[in-house]
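This report describes selected features of one protein model. It may be read alongside the sequence and the coordinates.

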Amino acid sequence: MPRRTATMLASTLMLIALLCAGVLITVPYSEMSPGPTVNTLGDHGGEPVLQISGHKTYATSGHLNMTTVRVTSADYKMNLVEAVYGWLSHDNKVVPHDTLYPDGKTEQQSTQENAEEFSESQESAKVAALKELGVPVKSWVIVSTVLKDSPSEGKLHAGDVIKAVDGTAVRQPADVATLVTKHKPGEDVVFTVVPAKEQAAAEKAHRTATKTEQVTLTTTTSTGGEKRAIVGISAGTDHTFPFSIDIKLADVGGPSAGLMFALGIYDKLTPGDLTGGKFVAGTGTIADDGTVGPIGGISLKTIGARSKGAQYFLTPADNCAEAAKDTPGGLTLVKVKTIDDALGALKDIRDGDTAALPKCSTKS
């Protein structure tokens, strides 16, 4: 066999062997890529994303798109070839598996957490939008979750309204931990609660719940580095709205759509168009007071938004520097810290005053 032919054959066989090895060798990495983007003002899956009843709504136009990131399953094992391709790809991002699924978190656990965060973001979006409109919203502190095998298991339940701890009124979730940690582990603490069933019945009958119960719990020691008294619950906030606002969007998780939901609700409850018919996308968590928080995967979300036609992207201030390092052509990144900032930016956009927009930069 001629030397040149032999060399080419050997090289080809070696390449095939390397490719086979690359396919068979798994690596501890996962992949992130641009996910779907949905117009909060439009329809998804055959029905409106935002459904409001009991209050006058107005016609809208343009786009206020929420954006997402698609990630590989917790159980999926990336091979070396996929990882290298992902590293070389501009539109994908390869990260350590533990970044997405820390402490051996399963796919089911991750999905559940994302669903809970998504639900909470919807509630905060409603509150932020209505507060911006001056519409009163009633709120109270509740038991969000009860840890298995904790002092609270079987005594407190998700949805119970926490009125007081040791006789001191509770006004926000952080108050619960503050009052419990005044105790030493092993001491008793008394919760005054409205049972979840009583609260649900009261809401259905449009009355204020009055039946309360005293629940005595013996604190235990936290498992973290700082040894403190705990009872094994997490506290959250629930609200009653003066009319019905439903957000219909399946197969989406996490808190990052909060800002865009809030803006969509605001747009539907006010005359005129927030966008002036423009294609605006964005991301960001939203707090009840309208504060916009940072999210993950910002560069992938801007890519996904631009690929669908977005002209402007509302960007949390804390994500601006990262997003500005690789901005897709034709997309303007607008920095926002609050829902007020977002509304001001949208006014500039519909007025055509783009010079006034607070744009992101690599230093901001």
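## Packing of helix 7 and helix 10

A crossing of two helices is called left-handed if the near helix is turned anticlockwise from the far one by less than a right angle, and right-handed if it is turned clockwise. In the present structure, which is a predicted model, the crossing of helix 7 and helix 10 is right-handed. Two packed helices are described by the angle between their axes and the distance between the axes. Helix 7 spans residues 258-268 and helix 10 spans residues 339-351; they pack at an angle of about 60°, with their axes 11 Å apart. Helix 7 is therefore oblique to helix 10.

Helix 7 is also mostly covered, since eleven of its eleven residues are buried. The buried residues include Gly258 and Gly264, the aromatic side chains of Phe261 and Tyr266, and the charged residues Asp267 and Lys268. Leu259, Met260, Ala262, Leu263 and Ile265 are buried in helix 7 as well.

Helix 8, residues 298-307, is mostly covered, with seven of its ten residues buried. The buried positions are Ile298, Leu300, Lys301, Thr302, Ile303, Gly304 and Ala305. Just after helix 8, Gly309 adopts a positive phi of about 110°.

Ala281 belongs to strand 16, residues 279-282, and counts as buried because its relative accessibility is 0%, where the limit for a buried residue is under 20%. The C-alpha atoms of Ala281 and Lys301 are 9.3 Å apart in space, and the two residues are 20 apart in sequence.

## Strand 20 and Lys359

Val334 is part of strand 20, residues 332-336. With a relative accessibility of 0%, Val334 counts as buried. Val334 and Lys359 are separated by 25 residues in sequence, while their C-alpha atoms are 4.5 Å apart in space.

## The second largest pocket

The second largest pocket has a volume of about 600 Å³. Of the 23 residues that line this pocket, Lys138, Trp140, Gln199, Thr208 and Thr240 are the closest to its centre.

Strand 7 (138-146), strand 8 (161-165) and helix 6 (196-204) each supply at least two residues of the lining. Strand 7 provides the largest share, four residues. By class, the lining of the second largest pocket consists of 13 nonpolar, five polar and five charged residues.

## Positive phi in two loops

Which residue in the loop between strand 7 and strand 8 is considered here? Asp149 is found in that loop, and Asp149 has a positive phi of about 65° although it is not a glycine. Asp149 is exposed because its relative accessible area, 66%, meets the requirement of over 50%.

Asp166 lies in the loop between strand 8 and strand 9 (168-169). Its phi is near 55°, a positive value in a residue other than glycine. Asp166 has a relative accessible area of 37% and is therefore partly exposed, as this value falls between the limits of 20% and 50%.

Notes: Residues numbered from 1 in each chain as written. Predicted model: local features only at pLDDT ≥ 70, side-chain atom pairs only at ≥ 80, totals over all residues. Heavy atoms only, no water. 1 Å grid on protein atoms, 1.4 Å probe; cavity = no way out; pocket = protein on both sides within 12 Å on 5 of 7 lines; lining within 4 Å. Points joined across faces, edges and corners; volume = space filled by probe spheres on them. Buried < 20%, exposed > 50% of the residue type's maximum accessible area, 1.4 Å probe, protein only. Axes fitted to C-alpha atoms, helices over the stretch in contact; angles between N-to-C directions. Parallel < 35°, antiparallel > 145°, perpendicular 65-115°, else oblique.
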